[in-house]
Amino acid sequence: MLRPQDNATRERKRLDGLWTFALDPDGAGRAGRWFAGRLPRAREMAVPASFNDIPTDPVVREYFGDVWYQTTVRVPQGWAGRRIVLHFESATHRATVWARDVEVVSHEGGYTPFAADITDHVTAGEPVRITVVVNNTLSFQSIPPGIVEDTPAGKRQRYWHDFFNYAGIHRPVWLYATASQHLTDISIVTGLDGGAGTIQYQIESSGEAVTRVLLHDAAGRQVAAGAGASGTLRIDDVHRWAPGDGYLYDLEVQLVDDGGTVVDSYHHSVGVRTVEVTGSRFLINGEPFYFTGFGKHEDLAVIGKGHNDAFMVHDFELLEWIGANSFRTSHYPYSEDVLDYADRHGIVVIDETAAVGLNMGLGGGIFGAQGYVTFSPETINDASREVHAQAIRELVTRDRNHPSVVLWSIANEPESDSEAAEAYFRPLFELTRRLDPSRPVGFVNVMLAPYGECRVSQFADVLMLNRYYGWYVDPGDLPLAEQKWEAELRGWATENKPIIITEYGADTYPGLHSVAGQPWSEEYQVEYLDMNHRVFDRIDAVVGEQVWNFADFATISGVMRVGGNRKGVFTRDRQPKAAAHALRRRWRKDA
Ligand code: BDP
């Protein structure tokens, strides 16, 4: 699916702003045809944003079920005779959309785009009512999973991931127009051949028009051209995309009709680079790469998981300030704006699906819900795996052309020490490799499946480990934690695969100090990170360190969470804790 863009042949209109919004706790809206008129008892709601924290009402914050959004948009006069598409960059976790009274699309999965051709339901120059029902209920057949439990106080949504279940229309909504013959998809794989670069492209389109491609460098000079729906372009003396150097070429794809007229076109950025795993090395452009950075979240005060350009730019500024060269899109695909920005700025991305919380072993503790088996016909089953597979397909097709994305993470901390887990994951790894043979594939291993017990890491090209020695294990005893951590890592190192530590971190209440370095203090976070770094530096197979987390973030309520998860190196409003300065000294040798 091509993201909407403005160019000589395409025009788009952004539908963001204030929409009307109504909760539907009785689930009455679909049968009651709420899409056929104004929403009952509606209030105003910002799009894009999570709805949860905008009103002051705790009922809205904790709400699960159907919520309705509506807006009316005028279709531009000039779009008469054009193909008109309604495009959502995401709706969390599922949505159904109507144009006027006509249902036009439904989509499952909270973090990937979907679109509907609404040409037949609109008239250029006339307004059209757009209604969306978004549903945020999690079940064993959703990614991420959850369950609705009956309690003496009514139904409650439980889930096993450590971030708040923000929901709503989180990213931009577009109306756009193209010619009826149009490009539908473009995929790109780049390669290096000495000093030359190659760009293999494959183009899909509707209709019979022929395709033509033009490649321009960043200065606008044409450096290659080709014809046909697939082919390979060669750039002599290529300027590679590399970490810290987000050099991009512009691939212009044109659809040309019989008369030689360009009926549709699309500009696609291309970064020419290679990614490869050899032994325990992770290579970008043939050179060993060491990941520094964070697991992040899309999480902000008031707007929750709503995309915000100002915060995005600020977060990237902070990554540069601290000397981070990478991040993981923990625990779901991030806004496409974030990936585009990473491409342009040479930041390396581990791209993750929303498969988080597939682990009932973690079900007690902070999450409350207990007593379930992870993989079983009644819990996470074949139907769940199909939803998971679809989430992988949508992630890979959305993000495969981003040079910043170097590694797929198909799940975070699932159960991985059982036969059932092995059977569940085997086909998902195969699927990911089929979809994208050009990138390594992995998943993030949990401390409950330590070295020697994990049955899923056999499928992974790269070992991604989340470990909390010195926090959940032996809190406050860093010498003991250091020994245990090193012993486990030395085990993993024998596998002859690169190891990225995708999470290590300590909750830290900003402003809490302790001369003796007690947990929760800023001093402890620094000492904890130092201990981890000593261990990593002793083990050659460790090729990356991503601290958990970039910033404090919202979670469910729980006695282990003080106003959310406090493992941020920055506070939720992006102020540095002492650890930020310590990391900057380690990661920015020039600072
Ligand atoms: C890991 C999870 C992450 C949590 C973190 C923590 O991957 O989502 O937020 O631990 O407990 O289990 O802080």
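Biologist: Which residue in E14 is the bridge partner of His87?

Modeller: That's Trp174. Keep in mind that this is a predicted model.

Biologist: What makes E6 and E14 a strand pair?

Modeller: Two strands pair if there are at least two bridges between them. Strand E6 (residues 83–88) and strand E14 (residues 173–178) have six bridges, in the antiparallel sense, so they pass the test.

Biologist: And what holds paired strands together in general?

Modeller: Backbone hydrogen bonds do that, in either a parallel or an antiparallel arrangement.

Biologist: Where do E6 and E14 sit in their sheet?

Modeller: The sheet is open, has four strands and runs in the order E1-E14-E6-E9, with antiparallel pairing.

Biologist: Why are E1 and E9 called edge strands?

Modeller: Strand E1 (11–14) and strand E9 (114–117) each have a single partner strand, so one side of each has no neighbour in the sheet. On average, neighbouring strands here are turned by 20° against each other, ignoring direction.

Biologist: On to rings. How many aromatic pairs are there?

Modeller: The count is 39 aromatic pairs.

Biologist: Why is the pair of Phe21 and Tyr69 called edge-to-face?

Modeller: Their ring centres are 5.0 Å apart, and the limit for a pair is within 6.5 Å. Their planes stand at 70°, and over 60 degrees counts as edge-to-face, so that's the name the pair gets.

Biologist: How do you know whether Phe21 and Tyr69 are buried or exposed?

Modeller: Buried means under 20% relative accessible area. Phe21 has 0% and Tyr69 has 0%, so both count as buried.

Biologist: What makes Phe375 and Tyr424 a tilted pair?

Modeller: The angle between their planes is 40°. Stacked needs under 30 degrees and edge-to-face over 60, so the rest is tilted. The centres are 4.8 Å apart, and both residues are buried.

Biologist: What makes you say that a charge sits over the ring of Phe550?

Modeller: The charged end of Lys296 is 4.7 Å from the ring's centre, and the distance has to be within 6 Å. Arg61 also lies over a ring face, that of Phe164, at 4.1 Å from the ring centre.

Terms used
Residues are numbered from 1 along each chain as its sequence is written. This is a predicted model: local features need pLDDT of at least 70, side-chain atom pairs count only at pLDDT 80 or more; totals for chains, interfaces and linings use all residues. Side-chain values use heavy atoms; hydrogens and water are left out. Rings of Phe, Tyr and Trp (its six-membered ring) pair if their centres lie within 6.5 Å; planes under 30 degrees apart count as stacked, over 60 as edge-to-face and the rest as tilted. Buried means under 20% relative accessible area, exposed over 50%, partly exposed in between (1.4 Å probe, protein chains only). A charge sits over a ring if NZ of Lys or CZ of Arg is within 6 Å of the ring centre and within 35 degrees of the ring normal. Helices (H or I, at least four residues) and strands (E, at least two) are DSSP runs, numbered from the N terminus. Axes are lines fitted to C-alpha atoms, for helices over the stretch in contact, and angles run from 0 to 180 degrees between N-to-C directions.
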